[in-house]
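Here are a few notes to go with the model, written for someone new to reading structures. Keep the 3D view open and click along as you read.

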Amino acid sequence: MENRLPRRKFIQQMIIGSLSVPTLLELMTSSLLAITETPKQPIIWLQGQSSGIHRSGIWSYPGFHSYISEHFSILSADTPNLNSIALELSDRGKQHILILDGYFSDDLDDPINNLLKDLIVISRAVILLGNEAAYCSKKPEGFLNLETELLHLVETPFLKLPGNPVPIRHLVGSLNHMILYDFPKLDEHRRPVMFYSQRICERCQFRGDFEQGNFVRYFGQKEGCLYWLGCKGPITRNSCAIEKWNGTSTWCVSAGSPCTGCSEPDYPDNNGLGLFGQISSESAPINSFFIRNSSTLAQGAFAVTVSGVAIHAISRKTSSSLKDESYFNISEDENV
Ligand code: SF4
Ligand code: SF4
């Protein structure tokens, strides 16, 4: 294809976040139009059981719906004659990309269960979209582990786009890479490295606060690193800090919520820490004096907090005894 963006530059721009979703959609359009023998890249998007969180964010992105219906053939589990369409696709060779989104039944009588293995075998590549499909080792009973029960048994390449939700840029960027170049390079969890190579902390707006030990201590406190509130930024790889939510200017950390590690395989358990448990300084590979010494600092802060609470309690007791001793007397001070 002539005048196309060199692959190296494309990847660099994906990593630094300079290729917006509208630009990626344009890139795909021009590359698809240049492939005269296959005017439409067939995609089969099979939707299993899921909260639908990925679909709603992706499909409601301005322009995505019209773009995709113009340039792709989308099938779903509800598509009439799905079996015969799949048969027709297999005659055309490995052209289509299969997107699996959600949990799929392990019941052999389920029509999609019957079709899945055949569809995977005849696909050019498979994308496991969202945590249900990507990390289905944690599936509820009655559903397939797509990776071990199907994908490991065939040669079709597959990648994972985890996250809760999956950013649209990850999907459009991966499709672009497959159409413009080849299969993208993956990390140890089969995630494209162009999106999942850097830890959240590395590009977080509060990285300076992290280094300087400027930590917020309670939810709602503004401007500061959320490490003490259980932020999993030091151990989570994703591009949220540059990509933000749906092309807007905000994302979890900037909205005051610690990163909960939603794109990592052990989410939401996070090795027993849950969503808001603080990771230890040993498991935070980002080098920072304050993190390395966080247990000592935390103990110091705890001691300071305990004394603060004690002093506050004594002063309140004194002041309330000067008033009326009511336990339900809310002072202005408590509303702060
Ligand atoms: S710990 Fe969280 S808030 Fe602090 S720098 Fe890392 S990602 Fe940002
Ligand atoms: S900041 Fe963390 S929790 Fe939020 S979307 Fe990114 S990876 Fe998920």
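1. Start with Cys201. Its relative accessibility is 7%, and buried means under 20%, so Cys201 counts as buried. Keep in mind as you go that this is a predicted model.

2. Cys201 is also one of the residues that come nearest to ligand 1, together with Cys204, Cys225, Leu226 and Cys231. The shell around this ligand has 13 residues, and they divide into 11 nonpolar, one polar and one charged.

3. Where does ligand 1 sit? The space it takes is the largest cavity. About 100 Å³ of space lies in that cavity, and the structure holds two cavities of 30 Å³ or more. As background, rolling a probe the size of a water molecule over the atoms shows where empty space is left.

4. On to ligand 2, which sits in the largest pocket. Its surroundings include Cys240, Cys252, Cys259 and Cys262, along with Trp251, Thr236 and Asn238. The classes here come to five nonpolar, five polar and no charged residues. Cys240 is buried, because its relative accessible area of 19% is under 20%.

5. With these cysteines in view, how many disulfides are there? The count comes to zero. In case the term is new, a disulfide is a covalent bond between the sulfur atoms of two cysteines.

6. Next, the backbone. Most residues other than glycine have a negative phi, and most peptide bonds are trans. Two spots to check are cis: a cis peptide bond joins Asn164 and Pro165, with omega about 10°, and another joins Tyr267 and Pro268, with omega about 0°. Pro165 is in the loop between strand E5 (158-161) and helix H9 (168-180), while Pro268 lies in the loop between helix H12 (240-243) and helix H13 (289-292).

7. Last, have a look at two asparagines with positive phi: Asn270, near 50°, and Asn271, near 55°. Asn270 lies in the loop between H12 and H13, and Asn271 has its place in the loop between H12 and H13 as well. Which of them is buried, and which exposed? Asn270 counts as buried because its relative accessibility is 8%, whereas Asn271, at 70%, counts as exposed.

Key:
Residues are numbered from 1 along each chain as its sequence is written. Chains are lettered from A and ligands numbered from 1 in the order in which they are written. This is a predicted model: local features need pLDDT of at least 70, side-chain atom pairs count only at pLDDT 80 or more; totals for chains, interfaces and linings use all residues. Side-chain values use heavy atoms; hydrogens and water are left out. On a 1 Å grid over the protein atoms alone, a cavity is a set of points where a 1.4 Å probe fits but cannot get out, and a pocket is an open set with protein on both sides within 12 Å along at least five of seven lines; lining residues have an atom within 4 Å of a point. Grid points are joined across faces, edges and corners, and a volume is the space filled by probe spheres set on the points. A residue is near a molecule or strand if one of its heavy atoms lies within 4 Å of it. A molecule sits in a cavity or pocket if more than half of its atoms lie within 2 Å of its grid points. Ala, Val, Leu, Ile, Met, Phe, Trp, Tyr, Cys and Pro count as nonpolar, Asp, Glu, Lys and Arg as charged, and the others, Gly among them, as polar. A disulfide is a pair of cysteine sulfur atoms within 2.5 Å. Buried means under 20% relative accessible area, exposed over 50%, partly exposed in between (1.4 Å probe, protein chains only). Helices (H or I, at least four residues) and strands (E, at least two) are DSSP runs, numbered from the N terminus.
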